[in-house]
Amino acid sequence: MSRVINPAAILAAPFAAAAIALPATPPVTAADLWREGVHLEWWELSDLLQECTGWTIKPGHCPDDPDEVGHWLIDPSGDKEGDIWPGPDIDDVENYVGWRIDEALASLDS
């Protein structure tokens, strides 16, 4: 009677026997992404801005043109700041608030 050897079992046995605990990987935060220059979605930028300054970003419609979407800057008391930032892209908003985020993160790092 011939014996059948399973090559997969032979290769897997040493790995199954070795209980290697991998170190936990810390979660990547919006602040980490910001520091690395990664483009954030509006809600990620809003969360980071709120953590750093208390301000938030909310999507909305332009009062003059209900078909045009944009983003509002909301102060810590819940009031809209100035006019809506037009367009679905948040690059202009990001450029406007970026230095505030940088400043807040720098104070946390030091």
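## Close-up views of a predicted chain

**Figure 1. Surroundings of L45 in the predicted model.** Apart from neighbours within four places in sequence, L45 is in contact (heavy atoms within 4.5 Å) with W34, L40, I57, I90, E94 and I101. L45 belongs to helix 3; helices (H or I, at least four residues) and strands (E, at least two) are DSSP runs, numbered from the N terminus. With a relative accessible area of 0%, L45 is buried. Here buried means under 20% relative accessible area, exposed over 50%, and partly exposed in between, with a 1.4 Å probe and protein chains only. The C-alpha atoms of L45 and A31 are separated by 9.1 Å, and the two residues are 14 apart along the chain. This is a predicted model, in which local features need pLDDT of at least 70 and side-chain atom pairs count only at pLDDT 80 or more, while totals for chains, interfaces and linings use all residues. Residues are numbered from 1 along each chain as its sequence is written, and side-chain values use heavy atoms, with hydrogens and water left out.

**Figure 2. The largest nonpolar core.** A nonpolar core is a set of buried Ala, Val, Leu, Ile, Met, Phe, Trp, Tyr and Cys residues joined through side-chain atoms within 4.5 Å. The largest one has 15 residues, of which W34, L45, L48 and I101 touch the most other members. Helix 2 (30-35), helix 3 and helix 4 are the elements that give two or more residues to this core. Helix 4 provides the largest share, 5 residues.

**Figure 3. The pair W42 and W43.** The structure holds 2 aromatic pairs. In the pair shown here, the ring centres of W42 and W43 are 6.1 Å apart and the planes are at 90 degrees, so the pair is edge-to-face. Rings of Phe, Tyr and Trp (its six-membered ring) pair if their centres lie within 6.5 Å; planes under 30 degrees apart count as stacked, over 60 as edge-to-face and the rest as tilted. W42 is partly exposed at 28% relative accessibility, and W43 is partly exposed with a relative accessible area of 44%.

**Figure 4. The pair W85 and Y96.** The ring centres of W85 and Y96 lie 5.1 Å apart with the planes at 45 degrees, so this pair is tilted. W85 is in strand 3 (residues 80-86) and Y96 in helix 4 (residues 91-109), so the pair ties together parts 11 residues apart in sequence.

**Figure 5. Charges over rings.** A charge sits over a ring if NZ of Lys or CZ of Arg is within 6 Å of the ring centre and within 35 degrees of the ring normal. The charged end of R100 sits over the ring of Y96, 5.0 Å from its centre. The ring of W72 has the charged end of K80 over it, 4.4 Å from the ring centre.

**Figure 6. The chain and its confidence.** The chain has 4 helices and 3 strands, in the pattern α-α-α-β-β-β-α along the sequence. Its average pLDDT, the predictor's confidence in each residue from 0 to 100, is 85, and 88% of the residues score at least 70. Among the elements, helix 1 (residues 7-17) has the lowest mean pLDDT (65) and helix 3 (residues 42-53) the highest (94). Where pLDDT is low, the predicted coordinates should not be read in detail. Of the 110 residues, 25% count as buried.
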